[in-house]
Amino acid sequence: MLPRCLWALLPLFSPVHGVFQKLYCSLSDSCDCDFKPDMRGLEWDLYRNVFGQHLAQDTVSQEVSAFLQMKSPERPLVLSLHGASGTGKTLVSSMLVSHLYGSGLDSAFVHHFVPTLHFPQAQRLLEYQRALKDWVQGNLTSCARSVFLFDEMENMPPGLMDVLEPFLGPFHVVYSTNYRKAIYVFISTVGAQAISKVALNARVKGRDREEIKLKELQDVIAQEAFSANNTGWSRSSLLAQKLVTVFVPFLPLTRVHVERCVGAQLALRGLGTRSDVVQAVGGALTYSPKHAHYFSTTGCKAVTAKINLFL
């Protein structure tokens, strides 16, 4: 616990720098000490290690950077990542957290929820709602810069996310605490079908993949999420009240993108540019639609297992 005499000195240093910051952080467990945003690092990481996702790369880096530059934001940043399995949603969320907090996902101020682990029984909805509300409120009270990750939104009990509505709106003060500096990340496969349809139409019309614009996908993702029955998004008040800052679409990956994933995995193993393995894995995966084979049905998710088969 920080001594009372040192607490009295801290308002004189805003923010606390140099020696005072080191002294403060050596005596305090404040989240300010672990909050070390590196936006250039995030942007570079996204462009170097996320393949075929120009919309996600641009949107995440721009939205987070703009949000952190605001000293007094009107509302929290709410990013909703949508796309098929294996397209990079979990990877991007991990990169985001690792470039915000020095401890990354291990930080005490990053809270990761998985439905099968934290909310496995739909009949306990009221209990889960109370627990989630108390958890979010308590952690925001101790750290305004908290980050909340909600994985597999398609498996969340319907109605559970509605308890977050008071925390996400443009309120200056909620429950006597400023909650506007938090970041929420929702991860979901809901909307993947709509995203794939837009990508397929673009491909058929001969449009370059990078010509697909974010605005083409915002409404279709929101509509599909709202109407997705028996999911965490189903008829959610977060959607009805338009509390999501931006829907981040992850496009289906082509064979070229999958092979780049293979190359990256091989590089991590110190195996250089094994083009034979890259080609073999790329050819062993399944692609859709059946008549054209444009997009990988599993994205990069099956890459690691396939690499092991061809080494």
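Two strands are said to pair if DSSP finds at least two bridges between them, and helices (H or I, at least four residues) and strands (E, at least two) are DSSP runs, numbered from the N terminus. By that criterion, strand E1 (residues 77-83) and strand E4 pair in the parallel sense over six bridges. This is a predicted model, in which local features need pLDDT of at least 70 and side-chain atom pairs count only at pLDDT 80 or more, while totals for chains, interfaces and linings use all residues. Residues are numbered from 1 along each chain as its sequence is written, and side-chain values use heavy atoms, with hydrogens and water left out.

**Strand E4 and its partners**

- Strand E3 (residues 147-150) runs parallel to E4 and is joined to it by four bridges, with Leu149 standing opposite Val185 of E4.
- Six of the six residues of E4 (residues 183-188) are buried (under 20% relative accessible area, with exposed meaning over 50% and partly exposed in between, for a 1.4 Å probe and protein chains only), so the strand is largely enclosed by the rest of the structure.
- Ile183, Val185 and Ile187 cover one side of E4, and Tyr184, Phe186 and Ser188 the other, all of them buried.

**Helices H13 and H14**

- Helix H13 (residues 275-284) packs with helix H14 (residues 303-310) at an angle of about 125 degrees, their axes being 9 Å apart.
- The contact (heavy atoms within 4.5 Å) is made by Val277, Ala280, Val281 and Ala284 of H13 and by Lys306, Ile307 and Phe310 of H14.

How values were computed
Axes are lines fitted to C-alpha atoms, for helices over the stretch in contact, and angles run from 0 to 180 degrees between N-to-C directions.
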